[in-house]
Amino acid sequence: MNKALDENYYDFIIDNAILPPGEMGDDITYINERHSLLHVLNMNMEVCDLGTTPYHRFPSIFTLESTISLEKSKVDEVQRNPYLALYGQGVLVGVIDTGIDYQHPVFLHADNTSRIVSIWDQTIQDGTIPDGFSFGSEYNKELINIALQSADPLSVVPTVDTDGHGTALASIAAGREDVEHDFRGVVPDAELVVVKLKEAKGNLRKIFFVPEGAVCFQESDIMLGIRYLLSVSQKLNRPLAICIGIGTSQGGHDGHGATSSYLDDLAQTPRIGVAISAGNEGNKRRHYYSSTTDANFMKDIELRIDPKDGLFSLEIWPDAPSRLAIDVITPNGESTQWVYPQIGICNKYNFIYTQSTVWINNIIFEEETGDQLILVRFQNPGGGVWRLRLRNVDNEVFSVHSWLPAAYLISDDTYFLESDPNTTITSPGNATYPLTVTAYNQYNSSILITSSRGYTRKNIVKPDVAAPGYQQTCALPNGLFGTLSGTGGAAAHSAGIIAMVLEWAVTRGNYTSITGIDINRLIIRGADRSEDYTYPNNVWGYGQIDVDGLFSRLAI
């Protein structure tokens, strides 16, 4: 079996600088100039493998970020202008998600041929593997068109989207008009490149205590998906607008991380634009922040745990220069006693009265950021209010953030009693240069209460803009239509607008070296700031996305 698929191997994201000299073998999968995957055999996988191996080498766990809008962003206004009329011609829209229903009419041309250039399905292993990759199956346009003419299309191209999230995002960005269902994507003349992600390996789910049955993906597969989109774009010499509608609450929420770094680099590359969803953690009570000046230099984080959340983890990130010890206390007063910051140590504690087990990694410095990280993992915690008692071992004032998992990796009934809705943007939305998009209700111009808020932990302004994200009409598998709400849909809408700018700049030759940063600055300048707020702010960023305002300011 391929090691990227084999459950007996961990997939570690490593910096290429530490690779041994010489050619890469089957133990190494190349991602980009900076990162590769190292496949490490471990037949006896244990929770405390995270401790003997640095935290940042394990891929993060990602989840989906979404459960009329054209007029609100003034897309139609620009497209009705005969001198603009930007519908995405010559541009590729790339979607990395749950796949696509390639048979849906919104992804077909008028002659019923496909508007999809290619699909890389990471879950199917008996087709043609894409050049430069080691697993999955690639289906190009020629094969998709053969399937569409077949009496049984899935016998020719068996890829499907059983979830519907990927189909919805692709349609919002680039679906063809369907008058009967009052639907049209932002750039209906663009073509699509799609990656269907395989689900995260069981060994990674075990390390991060992902509950059984939760749909999630691993960071390394997303990074490979990005590389695939780039390879298709380069092969066809076409500009590329990438939509990222998935995210994670793991990491320091500071723009570090392998995927964030990768997307930062791409946003500085000519002819590539990236739109990322901000996340839907704004009202979930999964973030805690405190800055304490108490003379005892201690703070209790109170966490209400619901018994149905029998398996989960949380992360605590102190701000420099603090060094914190932690004592985890059960609702009936049992205690781990103080666990001090260390290197490469994983501590396991069994509680008697609650029949619970807790693992604590108090990492003195997390290698990717240099910051302290306290990772706490719970198995069968008893219900009630737990206390995470923190103390600065240097007897100084300190500030600290903590995050629970995002989306459906944990229920809404486990939360911090003193939660903070700010600094809840999921990664890679904390990356510096891509366009990070939050969602608003396009019918009444109110922010969605679920939308994650900025800024980043390092105080970088995020989100950048807000886009329509409430009950957007979208395509769904099996030829159906429905609605989608959340920042994933807002990111898809924005990716379509990025494709419009790429058509104007590259396809029409107005500015062929345009980068993602250039596009982001244009979108930010053109945003609608008519609402009575101070801009930028951590809820709206620089305002509501407005493509007509973008070109108006460009003309001036």
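Visitor: In what order do the three strands of the open sheet with S1 stand?

Guide: Strands of a sheet pair through backbone hydrogen bonds, either parallel or antiparallel. Here the order is S1-S3-S2, with antiparallel pairing; two strands pair if DSSP finds at least two bridges between them. Helices (H or I, at least four residues) and strands (E, at least two) are DSSP runs, numbered from the N terminus. Strand S1 (9–15) and strand S2 (28–30) are at the edges, each with a single partner strand, so one side of each has no neighbour in the sheet. From one strand to the next, the twist averages 25°.

This is a predicted model, in which local features need pLDDT of at least 70 and side-chain atom pairs count only at pLDDT 80 or more, while totals for chains, interfaces and linings use all residues. Residues are numbered from 1 along each chain as its sequence is written, and side-chain values use heavy atoms, with hydrogens and water left out.

Visitor: How many bridges join S1 to strand S3?

Guide: Seven bridges join S1 to strand S3 (residues 35–41), and the two run antiparallel. Within S3, Val40 is the residue opposite Tyr10. Helix H8 packs on this sheet and touches S1, S2 and S3, its direction making about 60° with that of S1. Contact means heavy atoms within 4.5 Å; axes are lines fitted to C-alpha atoms, for helices over the stretch in contact, and angles run from 0 to 180 degrees between N-to-C directions.

Visitor: How far does H8 reach from its first C-alpha to its last?

Guide: The expected span of a helix is 1.5 Å times one less than its number of residues. Helix H8 (residues 219–236) has 18 residues and reaches 26 Å, close to the 26 Å expected. Because 14 of its 18 residues are buried, H8 is largely enclosed by the rest of the structure. Buried means under 20% relative accessible area, exposed over 50%, and partly exposed in between (1.4 Å probe, protein chains only). Just after H8, Asn237 has a positive phi of about 55°.

Visitor: Which way do the side chains of S10 point?

Guide: In a regular strand the side chains alternate between the two faces of the sheet. In S10, Leu240, Ile242 and Ile244 point one way, Ala241 and Cys243 the other, and all are buried. Strand S10 spans residues 240–244. Strand S5 (residues 92–97) pairs with S10 in the parallel sense over four bridges, and Val93 has Ala241 as its bridge partner. S10 also pairs with strand S12 (residues 272–277), again in the parallel sense, over five bridges; there Leu240 stands opposite Ile272.

Visitor: What is the order of the sheet of six strands?

Guide: This open sheet runs S13-S21-S15-S19-S18-S17, with antiparallel pairing. Strand S13 (287–292) and strand S17 (347–350) are its edge strands, each pairing on one side only. The twist averages 15° from one strand to the next. S17 and strand S18 (residues 357–363) are joined by four bridges in the antiparallel sense, with Val358 of S18 the bridge partner of Tyr349.

Visitor: At what angle do helices H10 and H11 pack?

Guide: Two packed helices are described by the angle between their axes and the distance between the axes. Helix H10 (residues 487–507) and helix H11 (residues 516–526) pack at about 110°, with axes 11 Å apart. That makes H10 roughly perpendicular to H11; angles under 35 degrees count as roughly parallel, over 145 as roughly antiparallel, 65 to 115 as roughly perpendicular and the rest as oblique. Ile497, Ile498, Val501 and Leu502 of H10 make the contact with Ile519, Leu522 and Ile523 of H11.
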